[in-house]
Structure formats: structure tokens, C-alpha cells
Amino acid sequence: MNPCHICQTETKNSCSNCKQVFYCSAEHQKKDWKEHKKNCHPFKIAVNNELGRHLVATRTIKPFEIVLKETPLFRGPSQLTAPVCLGCLNAIDPQDYKNCEKCGWPLCGDECVYKAEHIYECELTAARGKPANVQEFTNPHPLYQCLSTARCLMLRDKDMERWKKINELESLEDQRRGSMQWKADYESVCKFILKFFNTKLFSEDEIMRIIGILQINGHEVPTSDPPHVALFYKASFLEHSCTPNLAKSFNKDGNLILWAPKEIKKGSHLSICYSDAVWSTGDRQRHLMQTKIFKCQCPRCLDVTEYGTNYCALKCEKDSCRGLMLPASLNDWHKEWTCMECKSQVDKVYVNNILERAGSDINAMEKTKENCLKYLQHYGKWLPGNHYYMCEVKLYLVQQLGKQVNELMVLSAEELNMKLEYGKELVELYEKLAPCEVRMLGTLCFEVHSAIAENTRRISLQTSLSPKELLEESLLYVEKAVGYLQYESDIFVEGHILKQAKINRDALKMVMRM
């Protein structure tokens, strides 16, 4: 029994969504809804010494259920970016832009001059007595490194409510201080702000704290081109996992949608991936240490086989052995690697040489079908089929083979089978390793669906029958595509794939009913 939120009468009836607020009657629940809906989520904020604030599910969350929709607390240009419009945050067209009359910063047009977010750096720049002068538009511009920090700092005197919330977020200033990143930020952002804006409004400590808050809590938002950075208050309490249970999507206005691709049990900690879930363990760990200042201890990182996928393994150096080599544990990635079959060892220099060559060749090669096939054949001597570099190239191949419907129809049987084989293989792998990489998984599932549909068409032409099993399999993958992409806006390529997937799904269901 708990007290009713309105009248304090003891009751056992809780809000069915959040399970945290109690009402003695439907009338009292309806009376409180206007206020309660702002915080009615299927999670609560918990605190402990190890994680600090984090989110815990207050009930079982169903597959595909939205857990949180949130508008940005703050948004601004990325720290490393070519010049962008400070109104809409899209790239500046060097042949078609307008300089703000007050501050000189380039904008894409009159409609962006008076946008609320531009007011902050506009006022700060105007106060220096000299307008900004941007002439180069194609490469990352040093002036833009300081803009999000400066814009955020201006909230202190312009919007106390947002400023208070931003300062509740973790900066990890004590951990960051003295690191290479901290020193670079101090020179290129902190000292630059004080000198460029010729201001004494902010202290160095204040500036460095805001830099830390933006780096630790910032989300890359792809609704502008290039993507911009944004802070989301409640989403900042999500903990990290390399195999998280929440997917991120954004609507066309840049609002964050967090949802569950799979069921989440009551009491589970809610998580997102702070890094890139398809990267190798070493790359994820380096990125997290550099940007978030912690070493990941999630179940995936602690298991060097990564749930039995051997995503980072190398083939044994002995020709007579078909085993795979991995380090002994998460703490041994920089030590000897051992074959799981014959127990022979190689030093890290041997491992690094293979991985550096394999990575350099991917970056350097043109991603044509021919080059991808040559890469797989060549590096198949050292890398197993599930290795992250091999998977990256297979992903290129799946996308290259039959890009358009008319191209798919003229693929050779061998190429079509390759698209099917690699596509299914990648879906199975990434559903295990990165189940919340929904844009990649949704696109992959649509590619597999399309290949199965084409294979079915060819079989039908030969036999005058449509094999039921193939139709069912094609429907399975297109329904998966719809599920993974269902919250993608039509401003993204994935949103257009979603529209086509829905059309194909409905058409398939009709065919199967007939």
C-alpha cells in the first residue's frame, strides 16, 4: 500500500506505465496527468557509488516500446567541423550564404539570422568589437572548435533553468585534468575563447568544466549535415554497455527517441553504447578511455570470444592447426595471444602487423566488388570469416551487389547467393553482438529480403510455383527491417527504406494469403 499522489489515501493502484506513482481512483489519476506525464517513464533514477546516477526499469519493457522521448537541452556545432550555419547547423554553401550583420558569422540565409540558438555567440562576438571572419569553407575550421562551449557558457546568464540542468551533468574534470585531451582542449578551446572573444566573463575552470560536460554527455545528432552535438538531460543518466539494451533514433527535429529492440526485464539497468558497437574491443576500449575516461567492464568486453563470435580473433599461425588465437583476458590485449586449439603463442608485434596492414588496406581501397573479393581472399589467410575487418568488407559487398532493383535482377546466381550468404551471416552476427545498431541491422535485413525475393522470382519462372518457405523467409526479413527501422525519419535514407519495406511486407502478405 502507498499513499495516493492527490489525497494521500492508502492504495495499491499504481500508474501502469511507470509503476512509481499511486492513485486511489481513475479520477485522481486523470487530475494529475498534466503534471505526471512529464515524468511518466518505465524507469527510475537510481544512485550508487560505482555508477553514480543510472536508470533502472520499473517494469518489463516490451519489444519495440519507446522508453524515452526527449528534446535537446542544448545543441551546437561539433568541435571538429567545417563551417556550418549557426542557425540550422547545416553546412555552409560557399556560393550562397549570408554573414550575420551583428557578429559576422556565416549563416545559410535570412531564415537563420534570428534563430534563438544563434543569439548567444552572436552577442558574445558583437561584444568583442570585431566580427568573425570566415573565408575557408571546405576543411575543419579552428574557429568552430570553441563555438559549442561558448554557446553553452552563455546560458549561465541567459537561461538559468537550462544552465542548472547542464551543471548537474558529469564533467569528469578531475579524471580528465592533465590528460592529452584535456591539454589539447585547454589550448584550442579554453585559451582561445578568452583570447578570441576578449572576455573575462568566464573563468578557465568554468570553461574546462563545460568542455568536459559536452564531451562526456554529448550525442552526435545526424539530423543536420554534418551531424551536430546535443545534450539530453535524462538520457545522460544511461550507463554504457558494448551490447546495450536501448536503441537511439532521432526525429526530423533532432529529438531523441530511445526504444527497446528486445524485451527488457524489470530491474534491468538501461544502457546505450557510448562508442561504436561494431568496432573491435581494442578500438572501443581506446575510444572510451580517450573520450569518456573509463575502461569498459561490460560482459562483452570481459569475454575475449565476444559471446563465441571470435570477432577479434586471428587464425593460428601454424598451417597444420585450424584453431583461433586470442588474448587470455580483457587485461591481456597487449600481451601474447594464444591459440585455443594447439596453445602456441605469438607476441603482440605479430598481431599488430597483421591488423595494421588489414586496416590500412580497407581504408585505402576503392570499395568495388572486385576489390572486396580480392581482400577477402587475401586476408582470409590470417583472419577468420567473423573478424571485424572481414565483416566490414562483407557489408560493403552486400550493399554493392544489386544496389538497385534492376541490378538485382541481372546478378549472376553466384553473386546472388553471395549476397544472401553474407547478408544472413552478418544479420545473425550483429543481432548477437550489436542488437541496438538498428539502422545497420534494418538495412541489412532489407537487403536479405530483397535477395530472397529475387531468388524466389527466379525459381518461380522455372517451376511456375512460388516456394512457400522462401516467401515466409522473405517476409521474416522484411518484417525485421520494419521493426528495426520503425522510428527512422524520412529525412534519412533508412526512413525511405522503411517506407519501401512496409510496401513490400504488405504485398508479400497479400501474395501468401492468395
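This is a predicted model: local features need pLDDT of at least 70, side-chain atom pairs count only at pLDDT 80 or more; totals for chains, interfaces and linings use all residues.

Q: Okay, isoleucine 216: buried or exposed?
A: Buried. Its relative accessible area is 12%, and the cut-off is under 20%. Isoleucine 216 lies in helix H9, residues 204-217.

Q: And how far is isoleucine 216 from valine 67?
A: Their C-alpha atoms are separated by 22 Å. Along the chain, the two are 149 residues apart.

Q: What about aspartate 157 and leucine 201, how far apart in space?
A: C-alpha to C-alpha, 9.9 Å. In sequence, aspartate 157 and leucine 201 are 44 residues apart.

Q: Where does aspartate 157 sit, and why does aspartate 157 count as it does for exposure?
A: Aspartate 157 is in helix H5, residues 155-158. Aspartate 157 counts as exposed because its relative accessibility is 51%, and the cut-off is over 50%.

Q: Switching to salt bridges. How many does a search of the whole structure find?
A: The search gives 32. In general, side chains of opposite charge can pair when their charged atoms come close.

Q: Which residue does lysine 98 pair with?
A: Aspartate 110. The side chains meet at 2.5 Å, N to O. Lysine 98 belongs to strand S7 (residues 98-99) and aspartate 110 to helix H2 (residues 110-113), so the bridge ties together parts twelve residues apart in sequence.

Q: How accessible is lysine 98?
A: Partly exposed. The relative accessible area of lysine 98 is 30%.

Q: Which residue forms a salt bridge with arginine 286?
A: Aspartate 283, with the closest N and O atoms 2.5 Å apart. Both residues are in helix H10 (residues 281-291). They are three residues apart, so about one helical turn separates them. Aspartate 283 is partly exposed, at 28% relative accessibility.

Q: And what does aspartate 332 do?
A: Its side chain meets that of lysine 335 in a salt bridge, 3.3 Å from N to O. Aspartate 332 is buried, with 16% relative accessible area. Lysine 335 is partly exposed, at 47%.

Q: Which residues are linked in a network of salt bridges?
A: Glu173, Arg176, Arg177, Asp185 and Asp205 are linked that way.

Q: Now the backbone. Where is a cis peptide bond?
A: One joins aspartate 225 and proline 226, with omega at about 5 degrees. Proline 226 is in the loop between strand S9 (219-221) and strand S10 (228-231).

Q: What is phi for leucine 89?
A: Near 70 degrees, a positive value in a residue other than glycine. Leucine 89 is in the loop between strand S6 (74-76) and S7. Leucine 89 is also buried, with a relative accessible area of 1%.

Q: And phi for asparagine 310?
A: Near 55 degrees, a positive value in a residue other than glycine. Asparagine 310 is in the loop between helix H11 (299-302) and strand S15 (314-315). Its relative accessible area is 15%, so asparagine 310 counts as buried.

Q: Which gives the most?
A: H17, with 13 residues of the lining of the second largest pocket.

Q: How do the lining residues divide by type?
A: They divide into 20 nonpolar, 13 polar and eleven charged.

Q: Last topic, the surface. Which residues form a nonpolar patch there?
A: Val405, Met409 and Val410 do. Together they have about 320 Å² of accessible area.

Q: Where in the chain is valine 410?
A: In the loop between helix H15 (405-408) and helix H16 (413-433). Valine 410 counts as exposed because its relative accessibility is 67%.

Note on methods
Residues are numbered from 1 along each chain as its sequence is written. Side-chain values use heavy atoms; hydrogens and water are left out. Patches are made of residues with over 30% relative accessible area and no salt bridge: like charges are joined within 9 Å, nonpolar side chains (Val, Leu, Ile, Met, Phe, Trp, Tyr) within 5 Å. Accessible areas come from the Shrake-Rupley method with a 1.4 Å probe; for residues, only the protein chains shown count as cover. A salt bridge is a side-chain nitrogen of Lys or Arg within 4 Å of a carboxyl oxygen of Asp or Glu. Helices (H or I, at least four residues) and strands (E, at least two) are DSSP runs, numbered from the N terminus. Buried means under 20% relative accessible area, exposed over 50%, partly exposed in between (1.4 Å probe, protein chains only). Ala, Val, Leu, Ile, Met, Phe, Trp, Tyr, Cys and Pro count as nonpolar, Asp, Glu, Lys and Arg as charged, and the others, Gly among them, as polar.
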